[in-house]
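Here is my note for your review of this structure. Please keep the sequence and the 3D view open while you read.

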Amino acid sequence: MPRTKQPAGPETGAGQTLLSITNEAPRRRRRPVVIGAGLSLAAVGALMSVWLVNEAGDKVTVVATRHAIAAGETIKASDLVAAEISHDSALSSVPASQSSDIVGKRAASDLPAGVLVTEDSVSAGASVTKGKSVVGILAKPGQLPVQRLSTGDSVTIVHTPQDGSASASSGKPGSAPESLPAVVSRVGAPDANGAVVVDVAAAEVNSVSLAAWAASGTAAIVLKASN
């Protein structure tokens, strides 16, 4: 019988080495720098986690406003709410355990809702409107100081008529204009044109004149120098 020829295998050249076939890919050697960077990031992440946990636990409970409180209003317990802040906060906040010290006092300025109550936020003095009438004056820029007025500020309301028909009580040209003393009881927020409504408390005998000046837009507010 004729012999069947076996297929010849691939010829290999002299000195050529065949590599064995495996299912495993060659492993890459990791660089020490990459390993060190990964360990550093892991350490930083662990430290940050510890710091956040400590910060979350290092809180104090303080007093905040539940809703807006107008300047001069007497603060009630229902006006206040407890809030948590960081223990090392730079604000001179009032601890919630001392909230009873705030109740019954008056707001020294307008307190928006959700703000922390500090010792400077309240005043223990009597209301500036007690025994006086309150007149609202719409003051435009130039009719009041640039320095923001606060509740309790002593001011002088000066009559500034534009036509000179009532320039002064004496009626003589060049004489001093009429003026009346008052105390600021509340300062509103400025409108788009910079005008501000300022409530002033004055003696009943002067309230009618102040109201007339305010209605005609001829009232300027002068802040008295503090002693």
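**Notes on the sheet and its helix**

1. Start with one facing pair. Arg186 stands opposite Asp199 in E8. E7 and E8 are antiparallel, and four bridges pair them.

2. Keep in mind that this is a predicted model. The protein chain has a mean pLDDT of 77. Of its residues, 65% reach 70 or more. Confidence is highest in E9, at 95. It is lowest in helix H1 (residues 32–57), where the mean is 60. Read H1 with that value in mind.

3. Now take the whole sheet. Five strands form an open sheet, in the order E5-E8-E7-E6-E9. Their pairing is antiparallel. As background, strands of a sheet pair through backbone hydrogen bonds, either parallel or antiparallel.

4. Which strands stand at the edges? They are E5 (133–139) and E9 (219–223). Each has a single partner strand, so one side of each is left without a neighbour in the sheet. From one strand to the next, the twist averages 45°.

5. Look at the other pairings. E5 and strand E8 (residues 196–202) run antiparallel and are joined by seven bridges. One example is Ser133, whose bridge partner in E8 is Ala202. E6 and E7 also run antiparallel, with five bridges between them. There, Ser154 has Val183 in E7 as its bridge partner.

6. Which residues of H2 are buried? They are Asn206, Ser207, Leu210, Trp213 and Ala214. These residues cover an arc of only 135° around the axis, which puts them on the same side of H2. They pack against E5, E6, E7, E8 and E9.

7. Turn to the other side of H2. Here Val205, Val208 and Ala215 are exposed.

8. Finish at the end of the helix. Gly217 follows H2. Strand E9 then covers residues 219–223, and E9 is where confidence is highest.

Definitions and conventions. Residues are numbered from 1 along each chain as its sequence is written. This is a predicted model: local features need pLDDT of at least 70, side-chain atom pairs count only at pLDDT 80 or more; totals for chains, interfaces and linings use all residues. Side-chain values use heavy atoms; hydrogens and water are left out. Two strands pair if DSSP finds at least two bridges between them. Helices (H or I, at least four residues) and strands (E, at least two) are DSSP runs, numbered from the N terminus. Axes are lines fitted to C-alpha atoms, for helices over the stretch in contact, and angles run from 0 to 180 degrees between N-to-C directions. pLDDT is the predictor's confidence in each residue, from 0 to 100. Buried means under 20% relative accessible area, exposed over 50%, partly exposed in between (1.4 Å probe, protein chains only). The arc is that of the directions from the helix axis to the C-beta atoms. Contact means heavy atoms within 4.5 Å.
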